[in-house]
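Q: I am new to this structure and would like to learn how to read it. Could you walk me through a few features, one at a time?

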Amino acid sequence: MINALPPRGVPAEQVLAELTRLRSVDLPTHGGTLFSYVYDSGEPDLDALAQSAHALSSHVNGLDPTAFPSLLATENALVAAAAELLGGPEARPVGSVTSGGTESIILAVKAARDSRPEVSHPRMVVPGTAHAAFAKAASYLRVELDSIPVDPRTLMADPSAMAEAVTAETVLIVASAPSYAHGVIDPVSDIAAIAAAAGIRCHVDACFGGWILPYLRRLGVTVPDFDFTVEGVTSVSVDLHKYAYCPKGTSVLLHRDDRLRISQYFGYADWPGYTMVNSGIASTRSGGPIAAAVATMRHIGDDGYLRLAERTRRAVEQIARAVTTVDGLRLMAPADYMVVCFTSDDPDLDLFVLADELAAAGWHTQPQLPFGDIDASIHLTVTAAVEPTAHRFAAALRDAVDAARRRGRPELPSQLTTMVAAMQPDQLTPQLVGGLAAQLGLTDPDSIAGNMAAVNGLLAVASPRVRERLLVEFVSLLQRPTS
(Lines give C-alpha, C1' and ligand atoms only; values in the text may rest on other atoms or scores of the structure.)
Protein backbone atom coordinates (compact mmCIF):
# COMPACT_ATOMS: atom_id res chain seq x y z
CA MET A 1 0.00 0.00 0.00
CA ILE A 2 1.15 3.55 -0.69
CA ASN A 3 0.08 6.57 1.34
CA ALA A 4 -0.53 9.47 -1.03
CA LEU A 5 -0.81 11.98 1.83
CA PRO A 6 1.80 11.20 4.52
CA PRO A 7 2.02 13.33 7.69
CA ARG A 8 5.40 14.61 6.54
CA GLY A 9 6.75 15.08 3.05
CA VAL A 10 8.86 12.25 1.60
CA PRO A 11 12.21 12.84 -0.18
CA ALA A 12 11.98 12.82 -3.97
CA GLU A 13 14.36 9.86 -4.30
CA GLN A 14 12.17 7.74 -2.02
CA VAL A 15 8.99 8.69 -3.89
CA LEU A 16 10.54 7.67 -7.22
CA ALA A 17 11.82 4.42 -5.73
CA GLU A 18 8.31 3.60 -4.45
CA LEU A 19 6.75 4.32 -7.83
CA THR A 20 9.41 2.23 -9.56
CA ARG A 21 8.62 -0.66 -7.24
CA LEU A 22 4.91 -0.37 -8.04
CA ARG A 23 5.65 -0.32 -11.79
CA SER A 24 7.74 -3.47 -11.51
CA VAL A 25 4.62 -5.67 -11.39
CA ASP A 26 2.99 -4.12 -14.47
CA LEU A 27 2.91 -5.77 -17.86
CA PRO A 28 5.96 -4.88 -20.00
CA THR A 29 5.27 -1.79 -22.11
CA HIS A 30 8.40 -2.30 -24.21
CA GLY A 31 10.09 -5.31 -25.74
CA GLY A 32 7.52 -6.63 -28.20
CA THR A 33 5.79 -9.19 -25.96
CA LEU A 34 2.61 -7.28 -25.04
CA PHE A 35 -0.06 -7.47 -27.75
CA SER A 36 -2.61 -4.99 -26.36
CA TYR A 37 -2.96 -1.70 -24.49
CA VAL A 38 0.38 -0.19 -25.59
CA TYR A 39 1.96 0.76 -28.90
CA ASP A 40 5.72 0.44 -28.93
CA SER A 41 7.78 1.66 -31.86
CA GLY A 42 10.93 -0.02 -30.62
CA GLU A 43 12.83 3.24 -31.18
CA PRO A 44 15.25 3.52 -28.24
CA ASP A 45 15.45 7.31 -27.94
CA LEU A 46 11.77 8.14 -28.34
CA ASP A 47 10.72 7.94 -24.68
CA ALA A 48 13.31 10.43 -23.47
CA LEU A 49 12.38 12.92 -26.19
CA ALA A 50 8.66 12.62 -25.47
CA GLN A 51 9.17 12.95 -21.71
CA SER A 52 11.29 16.08 -22.14
CA ALA A 53 8.74 17.66 -24.50
CA HIS A 54 5.91 16.74 -22.13
CA ALA A 55 7.73 18.40 -19.24
CA LEU A 56 8.12 21.64 -21.22
CA SER A 57 4.36 22.02 -21.61
CA SER A 58 2.88 19.98 -18.78
CA HIS A 59 1.62 23.10 -16.95
CA VAL A 60 0.28 24.81 -20.07
CA ASN A 61 -3.52 24.90 -19.88
CA GLY A 62 -5.63 24.17 -22.94
CA LEU A 63 -8.61 25.91 -21.38
CA ASP A 64 -7.77 29.11 -23.26
CA PRO A 65 -5.64 28.74 -26.41
CA THR A 66 -5.25 32.52 -26.68
CA ALA A 67 -3.33 32.55 -23.39
CA PHE A 68 -0.90 29.87 -24.56
CA PRO A 69 -0.11 30.31 -28.26
CA SER A 70 2.36 27.41 -28.12
CA LEU A 71 -0.48 25.00 -27.42
CA LEU A 72 -2.58 26.41 -30.24
CA ALA A 73 0.35 26.08 -32.65
CA THR A 74 1.19 22.50 -31.66
CA GLU A 75 -2.44 21.37 -31.70
CA ASN A 76 -2.96 22.88 -35.13
CA ALA A 77 0.21 21.14 -36.33
CA LEU A 78 -1.10 17.73 -35.22
CA VAL A 79 -4.47 18.32 -36.88
CA ALA A 80 -2.77 19.46 -40.09
CA ALA A 81 -0.64 16.30 -40.18
CA ALA A 82 -3.68 14.07 -39.71
CA ALA A 83 -5.63 16.03 -42.32
CA GLU A 84 -2.78 15.65 -44.81
CA LEU A 85 -2.68 11.90 -44.21
CA LEU A 86 -6.44 11.29 -44.32
CA GLY A 87 -7.72 14.09 -46.55
CA GLY A 88 -8.38 13.95 -50.24
CA PRO A 89 -8.03 16.01 -53.43
CA GLU A 90 -11.25 17.86 -52.67
CA ALA A 91 -11.24 17.58 -48.88
CA ARG A 92 -9.24 19.77 -46.53
CA PRO A 93 -10.60 18.60 -43.20
CA VAL A 94 -10.46 20.55 -39.95
CA GLY A 95 -10.25 19.05 -36.52
CA SER A 96 -9.33 19.00 -32.85
CA VAL A 97 -6.94 17.10 -30.61
CA THR A 98 -8.62 14.99 -27.93
CA SER A 99 -7.43 12.81 -25.07
CA GLY A 100 -8.02 9.55 -26.93
CA GLY A 101 -10.23 7.55 -29.24
CA THR A 102 -13.17 7.38 -26.86
CA GLU A 103 -13.31 11.17 -26.54
CA SER A 104 -13.00 11.54 -30.31
CA ILE A 105 -15.91 9.15 -30.80
CA ILE A 106 -18.07 10.81 -28.14
CA LEU A 107 -17.47 14.18 -29.79
CA ALA A 108 -18.29 12.81 -33.25
CA VAL A 109 -21.60 11.53 -31.87
CA LYS A 110 -22.24 14.84 -30.10
CA ALA A 111 -21.58 16.79 -33.29
CA ALA A 112 -24.02 14.60 -35.21
CA ARG A 113 -26.68 14.80 -32.51
CA ASP A 114 -26.43 18.55 -32.00
CA SER A 115 -26.50 19.24 -35.73
CA ARG A 116 -30.06 17.89 -35.77
CA PRO A 117 -31.86 19.67 -32.89
CA GLU A 118 -35.21 18.90 -34.49
CA VAL A 119 -34.72 15.16 -33.80
CA SER A 120 -36.14 14.50 -30.35
CA HIS A 121 -34.93 10.90 -30.03
CA PRO A 122 -31.68 10.64 -32.04
CA ARG A 123 -30.27 7.28 -33.08
CA MET A 124 -27.06 6.02 -34.63
CA VAL A 125 -26.49 2.88 -36.69
CA VAL A 126 -23.28 0.96 -36.03
CA PRO A 127 -21.97 -2.47 -37.02
CA GLY A 128 -21.90 -5.03 -34.21
CA THR A 129 -18.10 -4.91 -34.29
CA ALA A 130 -17.94 -1.13 -33.72
CA HIS A 131 -15.82 -0.11 -30.76
CA ALA A 132 -17.54 -0.07 -27.37
CA ALA A 133 -16.86 3.67 -27.22
CA PHE A 134 -19.94 4.17 -29.42
CA ALA A 135 -22.07 2.47 -26.77
CA LYS A 136 -20.43 4.72 -24.18
CA ALA A 137 -21.24 7.77 -26.31
CA ALA A 138 -24.81 6.57 -26.69
CA SER A 139 -25.14 6.18 -22.93
CA TYR A 140 -23.59 9.55 -22.10
CA LEU A 141 -25.41 11.50 -24.79
CA ARG A 142 -28.76 9.69 -24.76
CA VAL A 143 -28.53 8.62 -28.38
CA GLU A 144 -30.15 5.30 -29.16
CA LEU A 145 -27.66 2.69 -30.40
CA ASP A 146 -28.80 0.47 -33.29
CA SER A 147 -26.11 -2.23 -33.41
CA ILE A 148 -26.39 -4.34 -36.56
CA PRO A 149 -24.90 -7.87 -36.71
CA VAL A 150 -21.98 -8.27 -39.08
CA ASP A 151 -21.42 -11.02 -41.61
CA PRO A 152 -20.25 -13.91 -39.36
CA ARG A 153 -17.96 -15.19 -42.11
CA THR A 154 -16.17 -12.00 -43.16
CA LEU A 155 -16.77 -10.10 -39.88
CA MET A 156 -17.51 -7.02 -42.02
CA ALA A 157 -20.41 -4.65 -41.56
CA ASP A 158 -23.49 -5.52 -43.63
CA PRO A 159 -24.42 -2.35 -45.58
CA SER A 160 -27.83 -3.64 -46.62
CA ALA A 161 -28.82 -4.41 -43.03
CA MET A 162 -27.47 -1.06 -41.89
CA ALA A 163 -29.43 0.75 -44.59
CA GLU A 164 -32.63 -0.95 -43.43
CA ALA A 165 -31.96 0.28 -39.89
CA VAL A 166 -31.77 3.95 -40.89
CA THR A 167 -34.85 5.92 -39.86
CA ALA A 168 -35.92 9.57 -39.81
CA GLU A 169 -34.35 9.78 -36.33
CA THR A 170 -30.94 8.45 -37.39
CA VAL A 171 -28.29 11.17 -37.14
CA LEU A 172 -25.15 9.08 -37.68
CA ILE A 173 -23.96 5.89 -39.37
CA VAL A 174 -20.59 4.34 -38.52
CA ALA A 175 -17.86 2.23 -40.11
CA SER A 176 -14.58 0.91 -38.70
CA ALA A 177 -11.15 1.07 -40.34
CA PRO A 178 -10.37 -1.45 -39.09
CA SER A 179 -12.47 -3.00 -36.33
CA TYR A 180 -10.47 -3.41 -33.16
CA ALA A 181 -11.47 -6.98 -32.36
CA HIS A 182 -10.59 -8.64 -35.67
CA GLY A 183 -8.73 -6.05 -37.76
CA VAL A 184 -11.31 -5.94 -40.58
CA ILE A 185 -12.05 -2.79 -42.58
CA ASP A 186 -15.76 -2.27 -43.14
CA PRO A 187 -17.08 -1.40 -46.65
CA VAL A 188 -16.77 2.33 -46.00
CA SER A 189 -17.79 3.44 -49.51
CA ASP A 190 -21.07 1.54 -49.30
CA ILE A 191 -21.84 2.80 -45.81
CA ALA A 192 -20.96 6.39 -46.71
CA ALA A 193 -23.25 6.15 -49.73
CA ILE A 194 -26.10 5.14 -47.42
CA ALA A 195 -25.39 8.21 -45.29
CA ALA A 196 -25.27 10.52 -48.31
CA ALA A 197 -28.54 9.18 -49.68
CA ALA A 198 -30.23 9.62 -46.30
CA GLY A 199 -28.73 13.05 -45.65
CA ILE A 200 -27.02 11.97 -42.43
CA ARG A 201 -23.46 11.99 -41.18
CA CYS A 202 -21.01 9.12 -41.62
CA HIS A 203 -18.19 8.68 -39.11
CA VAL A 204 -15.24 6.40 -39.81
CA ASP A 205 -13.61 5.10 -36.67
CA ALA A 206 -9.98 4.92 -37.78
CA CYS A 207 -8.69 5.39 -34.24
CA PHE A 208 -6.95 2.02 -34.45
CA GLY A 209 -5.60 1.96 -37.97
CA GLY A 210 -5.90 5.44 -39.41
CA TRP A 211 -2.24 6.34 -38.99
CA ILE A 212 -0.73 3.10 -40.34
CA LEU A 213 -3.11 2.19 -43.18
CA PRO A 214 -1.91 4.96 -45.53
CA TYR A 215 1.68 3.79 -45.02
CA LEU A 216 0.78 0.14 -45.58
CA ARG A 217 -0.86 1.22 -48.85
CA ARG A 218 2.39 2.91 -49.88
CA LEU A 219 4.16 -0.40 -49.18
CA GLY A 220 1.90 -2.19 -51.64
CA VAL A 221 -0.74 -3.54 -49.26
CA THR A 222 -4.25 -3.42 -50.72
CA VAL A 223 -6.16 -1.02 -48.47
CA PRO A 224 -9.72 -0.08 -49.46
CA ASP A 225 -10.63 3.60 -49.40
CA PHE A 226 -11.77 4.59 -45.93
CA ASP A 227 -11.01 8.28 -45.37
CA PHE A 228 -12.09 11.63 -46.83
CA THR A 229 -11.36 10.37 -50.32
CA VAL A 230 -14.73 8.61 -49.93
CA GLU A 231 -17.67 10.86 -50.74
CA GLY A 232 -20.15 10.86 -47.89
CA VAL A 233 -17.59 10.42 -45.07
CA THR A 234 -18.13 13.45 -42.84
CA SER A 235 -15.75 12.72 -39.93
CA VAL A 236 -12.80 10.47 -39.14
CA SER A 237 -11.06 9.75 -35.85
CA VAL A 238 -7.42 8.66 -35.60
CA ASP A 239 -5.39 8.01 -32.45
CA LEU A 240 -1.86 9.38 -32.38
CA HIS A 241 -1.00 7.27 -29.34
CA LYS A 242 -1.47 4.14 -31.40
CA TYR A 243 0.48 3.80 -34.66
CA ALA A 244 1.86 7.35 -34.58
CA TYR A 245 3.61 6.01 -31.44
CA CYS A 246 2.96 9.14 -29.40
CA PRO A 247 2.58 8.93 -25.61
CA LYS A 248 -0.88 8.19 -24.23
CA GLY A 249 -3.40 10.97 -24.39
CA THR A 250 -3.60 12.16 -28.01
CA SER A 251 -6.19 11.52 -30.71
CA VAL A 252 -7.50 13.67 -33.56
CA LEU A 253 -11.11 14.08 -34.63
CA LEU A 254 -11.39 15.41 -38.17
CA HIS A 255 -14.47 16.84 -39.92
CA ARG A 256 -14.79 17.37 -43.65
CA ASP A 257 -15.35 21.10 -43.13
CA ASP A 258 -15.82 23.85 -40.54
CA ARG A 259 -19.61 23.78 -40.60
CA LEU A 260 -19.68 20.09 -39.75
CA ARG A 261 -17.29 20.69 -36.83
CA ILE A 262 -19.13 23.63 -35.26
CA SER A 263 -21.68 21.44 -33.42
CA GLN A 264 -18.81 19.63 -31.72
CA TYR A 265 -18.06 22.75 -29.61
CA PHE A 266 -19.57 23.63 -26.26
CA GLY A 267 -20.05 27.29 -25.41
CA TYR A 268 -21.62 28.84 -22.32
CA ALA A 269 -21.88 32.48 -21.21
CA ASP A 270 -24.95 32.41 -18.96
CA TRP A 271 -23.07 32.81 -15.67
CA PRO A 272 -20.92 35.56 -14.10
CA GLY A 273 -17.57 33.92 -14.77
CA TYR A 274 -15.55 33.57 -17.96
CA THR A 275 -17.33 32.44 -21.11
CA MET A 276 -16.53 28.76 -21.54
CA VAL A 277 -15.76 27.56 -25.05
CA ASN A 278 -14.41 24.03 -25.48
CA SER A 279 -13.76 21.86 -28.50
CA GLY A 280 -13.46 18.78 -26.29
CA ILE A 281 -14.96 17.25 -23.17
CA ALA A 282 -12.30 18.53 -20.78
CA SER A 283 -11.94 22.22 -20.04
CA THR A 284 -8.58 22.36 -18.31
CA ARG A 285 -6.15 20.02 -20.07
CA SER A 286 -2.40 19.77 -20.01
CA GLY A 287 -0.36 20.78 -23.04
CA GLY A 288 2.12 18.01 -22.16
CA PRO A 289 0.64 15.22 -24.29
CA ILE A 290 0.27 17.53 -27.30
CA ALA A 291 3.87 18.75 -27.07
CA ALA A 292 5.07 15.16 -26.65
CA ALA A 293 3.07 14.11 -29.72
CA VAL A 294 4.53 16.87 -31.89
CA ALA A 295 8.05 16.00 -30.73
CA THR A 296 7.49 12.30 -31.44
CA MET A 297 6.06 12.85 -34.91
CA ARG A 298 8.69 15.37 -35.96
CA HIS A 299 11.43 13.02 -34.79
CA ILE A 300 10.04 9.98 -36.60
CA GLY A 301 9.02 11.83 -39.76
CA ASP A 302 7.21 10.53 -42.82
CA ASP A 303 10.11 8.27 -43.81
CA GLY A 304 10.27 6.87 -40.30
CA TYR A 305 6.57 5.99 -40.27
CA LEU A 306 6.98 4.18 -43.57
CA ARG A 307 9.86 2.20 -42.07
CA LEU A 308 7.87 1.40 -38.91
CA ALA A 309 4.90 0.27 -41.01
CA GLU A 310 7.18 -2.06 -42.94
CA ARG A 311 8.51 -3.56 -39.71
CA THR A 312 4.95 -3.99 -38.45
CA ARG A 313 3.92 -5.72 -41.66
CA ARG A 314 6.82 -8.17 -41.47
CA ALA A 315 5.93 -8.98 -37.86
CA VAL A 316 2.28 -9.56 -38.76
CA GLU A 317 3.28 -11.94 -41.56
CA GLN A 318 5.54 -13.95 -39.25
CA ILE A 319 2.99 -14.22 -36.46
CA ALA A 320 0.10 -15.06 -38.79
CA ARG A 321 2.26 -17.76 -40.37
CA ALA A 322 3.00 -19.12 -36.90
CA VAL A 323 -0.73 -19.36 -36.12
CA THR A 324 -1.55 -21.18 -39.37
CA THR A 325 1.15 -23.79 -38.78
CA VAL A 326 -0.23 -24.86 -35.38
CA ASP A 327 -2.74 -27.70 -35.54
CA GLY A 328 -6.10 -26.66 -34.07
CA LEU A 329 -5.77 -22.92 -34.59
CA ARG A 330 -7.23 -20.80 -37.37
CA LEU A 331 -7.23 -17.10 -38.20
CA MET A 332 -10.54 -15.33 -37.60
CA ALA A 333 -9.87 -12.99 -40.54
CA PRO A 334 -7.01 -12.44 -42.98
CA ALA A 335 -4.11 -10.72 -41.19
CA ASP A 336 -3.94 -7.96 -43.79
CA TYR A 337 -2.97 -5.00 -41.66
CA MET A 338 -1.75 -4.92 -38.06
CA VAL A 339 -3.98 -7.40 -36.23
CA VAL A 340 -3.63 -11.15 -35.85
CA CYS A 341 -6.77 -12.69 -34.38
CA PHE A 342 -7.23 -16.43 -34.07
CA THR A 343 -9.54 -19.03 -32.60
CA SER A 344 -9.65 -22.81 -32.23
CA ASP A 345 -12.00 -25.55 -33.39
CA ASP A 346 -10.26 -28.14 -31.20
CA PRO A 347 -12.56 -29.26 -28.35
CA ASP A 348 -9.48 -30.22 -26.30
CA LEU A 349 -7.99 -26.74 -26.50
CA ASP A 350 -9.34 -23.95 -24.32
CA LEU A 351 -8.41 -20.53 -25.73
CA PHE A 352 -8.50 -18.90 -22.32
CA VAL A 353 -6.11 -21.48 -20.90
CA LEU A 354 -3.91 -20.91 -23.96
CA ALA A 355 -3.84 -17.18 -23.18
CA ASP A 356 -2.77 -17.96 -19.61
CA GLU A 357 -0.04 -20.30 -20.84
CA LEU A 358 1.25 -17.67 -23.27
CA ALA A 359 1.29 -15.12 -20.45
CA ALA A 360 3.22 -17.52 -18.23
CA ALA A 361 5.79 -17.77 -21.01
CA GLY A 362 6.02 -13.96 -21.24
CA TRP A 363 3.64 -13.32 -24.17
CA HIS A 364 0.68 -11.16 -23.14
CA THR A 365 -2.35 -11.43 -25.45
CA GLN A 366 -5.97 -10.31 -25.25
CA PRO A 367 -8.64 -13.02 -24.99
CA GLN A 368 -12.01 -12.10 -26.52
CA LEU A 369 -15.26 -13.70 -25.36
CA PRO A 370 -17.77 -15.34 -27.73
CA PHE A 371 -20.46 -12.95 -29.00
CA GLY A 372 -23.54 -14.05 -30.90
CA ASP A 373 -22.35 -16.04 -33.92
CA ILE A 374 -18.73 -14.90 -33.41
CA ASP A 375 -16.39 -17.37 -31.73
CA ALA A 376 -14.13 -16.64 -28.79
CA SER A 377 -10.70 -15.58 -29.96
CA ILE A 378 -7.27 -14.31 -29.02
CA HIS A 379 -6.41 -10.84 -30.27
CA LEU A 380 -2.89 -9.64 -31.02
CA THR A 381 -2.19 -5.98 -31.75
CA VAL A 382 1.14 -6.08 -33.58
CA THR A 383 3.47 -3.08 -33.48
CA ALA A 384 6.87 -2.33 -34.97
CA ALA A 385 8.55 -3.39 -31.72
CA VAL A 386 7.30 -6.96 -32.26
CA GLU A 387 9.43 -7.55 -35.34
CA PRO A 388 12.63 -8.54 -33.46
CA THR A 389 10.69 -11.00 -31.26
CA ALA A 390 8.23 -12.39 -33.83
CA HIS A 391 10.48 -15.29 -34.84
CA ARG A 392 10.34 -16.57 -31.23
CA PHE A 393 6.57 -16.45 -31.08
CA ALA A 394 6.02 -19.51 -33.29
CA ALA A 395 7.83 -21.87 -30.93
CA ALA A 396 6.25 -20.21 -27.89
CA LEU A 397 2.77 -20.59 -29.38
CA ARG A 398 3.30 -24.24 -30.20
CA ASP A 399 4.58 -24.94 -26.67
CA ALA A 400 1.69 -23.01 -25.12
CA VAL A 401 -0.87 -24.96 -27.16
CA ASP A 402 0.68 -28.24 -25.99
CA ALA A 403 0.64 -27.03 -22.39
CA ALA A 404 -2.97 -25.84 -22.68
CA ARG A 405 -4.06 -29.24 -24.02
CA ARG A 406 -2.32 -30.98 -21.12
CA ARG A 407 -3.86 -28.61 -18.59
CA GLY A 408 -7.38 -28.97 -19.99
CA ARG A 409 -10.33 -26.70 -19.42
CA PRO A 410 -10.82 -24.82 -16.13
CA GLU A 411 -12.78 -26.77 -13.56
CA LEU A 412 -15.85 -24.68 -12.91
CA PRO A 413 -18.65 -26.16 -10.75
CA SER A 414 -21.66 -26.94 -12.94
CA GLN A 415 -23.96 -25.27 -10.41
CA LEU A 416 -21.93 -22.08 -10.77
CA THR A 417 -21.98 -22.00 -14.58
CA THR A 418 -25.70 -22.86 -14.63
CA MET A 419 -26.43 -20.04 -12.18
CA VAL A 420 -24.40 -17.48 -14.12
CA ALA A 421 -25.90 -18.54 -17.46
CA ALA A 422 -29.44 -18.00 -16.10
CA MET A 423 -28.66 -14.87 -14.09
CA GLN A 424 -30.19 -11.44 -14.72
CA PRO A 425 -28.13 -8.26 -14.23
CA ASP A 426 -30.31 -6.94 -11.39
CA GLN A 427 -29.58 -10.09 -9.36
CA LEU A 428 -25.93 -9.13 -8.97
CA THR A 429 -24.89 -7.54 -5.70
CA PRO A 430 -21.45 -6.60 -4.34
CA GLN A 431 -21.76 -9.48 -1.89
CA LEU A 432 -22.52 -12.01 -4.62
CA VAL A 433 -19.68 -10.77 -6.80
CA GLY A 434 -17.35 -10.82 -3.81
CA GLY A 435 -18.31 -14.44 -3.17
CA LEU A 436 -17.67 -15.35 -6.82
CA ALA A 437 -14.29 -13.61 -6.66
CA ALA A 438 -13.35 -15.57 -3.55
CA GLN A 439 -14.50 -18.84 -5.14
CA LEU A 440 -12.31 -18.14 -8.17
CA GLY A 441 -9.32 -17.11 -6.06
CA LEU A 442 -9.43 -13.46 -7.10
CA THR A 443 -9.49 -11.75 -3.73
CA ASP A 444 -5.73 -11.21 -3.88
CA PRO A 445 -4.88 -8.77 -6.71
CA ASP A 446 -1.54 -10.53 -7.21
CA SER A 447 -3.35 -13.78 -8.09
CA ILE A 448 -5.66 -12.38 -10.77
CA ALA A 449 -3.35 -12.86 -13.74
CA GLY A 450 -2.90 -16.57 -13.11
CA ASN A 451 -6.64 -17.24 -12.90
CA MET A 452 -7.97 -15.48 -15.96
CA ALA A 453 -8.92 -18.71 -17.75
CA ALA A 454 -11.47 -19.51 -15.06
CA VAL A 455 -12.76 -15.93 -15.04
CA ASN A 456 -13.11 -15.81 -18.82
CA GLY A 457 -14.68 -19.27 -18.85
CA LEU A 458 -17.34 -18.04 -16.45
CA LEU A 459 -17.91 -14.81 -18.36
CA ALA A 460 -18.24 -16.78 -21.61
CA VAL A 461 -21.44 -18.47 -20.40
CA ALA A 462 -22.98 -15.21 -19.18
CA SER A 463 -25.09 -12.87 -21.30
CA PRO A 464 -23.46 -9.58 -22.37
CA ARG A 465 -25.55 -7.61 -19.82
CA VAL A 466 -24.50 -9.95 -17.01
CA ARG A 467 -20.87 -9.76 -18.14
CA GLU A 468 -21.09 -6.01 -17.84
CA ARG A 469 -22.55 -6.06 -14.34
CA LEU A 470 -20.13 -8.74 -13.13
CA LEU A 471 -17.13 -6.77 -14.32
CA VAL A 472 -18.48 -3.42 -13.09
CA GLU A 473 -19.02 -4.85 -9.62
CA PHE A 474 -15.67 -6.65 -9.66
CA VAL A 475 -13.71 -3.58 -10.77
CA SER A 476 -15.57 -1.58 -8.12
CA LEU A 477 -14.29 -4.08 -5.54
CA LEU A 478 -10.74 -3.59 -6.81
CA GLN A 479 -10.96 0.21 -6.84
CA ARG A 480 -11.35 0.69 -3.13
CA PRO A 481 -8.79 2.40 -0.89
CA THR A 482 -7.11 0.09 1.59
CA SER A 483 -6.31 1.20 5.11
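A: Gladly! Keep in mind that this is a predicted model. Let's begin with a sheet: four strands make up an open sheet, arranged in the order β10-β11-β13-β12 with antiparallel pairing.

Q: Which strands stand at the edges, and why is one side of each left without a neighbour in the sheet?

A: The edge strands are β10 (329-331) and β12 (366-368); each has a single partner strand, so one side of each has no neighbour in the sheet. Across this sheet, neighbouring strands are turned against each other by 30 degrees on average, ignoring direction.

Q: How many bridges join β11 and β13?

A: Strand β11 (residues 339-344) pairs with strand β13 (residues 377-381) over four bridges, in the antiparallel sense. To find your place in this pairing, look for Val-339, which has Thr-381 of β13 opposite it.

Q: Now for single residues. Is Ser-179 buried or exposed?

A: The general idea is that a residue is called buried under 20% relative accessible area and exposed over 50%. Ser-179 has 1% relative accessibility, so Ser-179 counts as buried. You will find Ser-179 in the loop between β4 (170-176) and α7 (188-198). Beyond its neighbours within four places in sequence, Ser-179 is in contact with Thr-129, Val-184 and Phe-208.

Q: And what about Leu-16, buried or exposed?

A: Leu-16 counts as exposed because its relative accessibility is 55%. This residue lies in helix α1 (residues 12-23). Leu-16 also belongs to a nonpolar surface patch with Ile-2, Val-10, Val-15, Leu-19 and Leu-22; together they have about 480 Å² of accessible area.

Terms used: Residues are numbered from 1 along each chain as its sequence is written. This is a predicted model: local features need pLDDT of at least 70, side-chain atom pairs count only at pLDDT 80 or more; totals for chains, interfaces and linings use all residues. Side-chain values use heavy atoms; hydrogens and water are left out. Helices (H or I, at least four residues) and strands (E, at least two) are DSSP runs, numbered from the N terminus. Buried means under 20% relative accessible area, exposed over 50%, partly exposed in between (1.4 Å probe, protein chains only). Contact means heavy atoms within 4.5 Å. Patches are made of residues with over 30% relative accessible area and no salt bridge: like charges are joined within 9 Å, nonpolar side chains (Val, Leu, Ile, Met, Phe, Trp, Tyr) within 5 Å. Accessible areas come from the Shrake-Rupley method with a 1.4 Å probe; for residues, only the protein chains shown count as cover. A salt bridge is a side-chain nitrogen of Lys or Arg within 4 Å of a carboxyl oxygen of Asp or Glu. Two strands pair if DSSP finds at least two bridges between them. Axes are lines fitted to C-alpha atoms, for helices over the stretch in contact, and angles run from 0 to 180 degrees between N-to-C directions.
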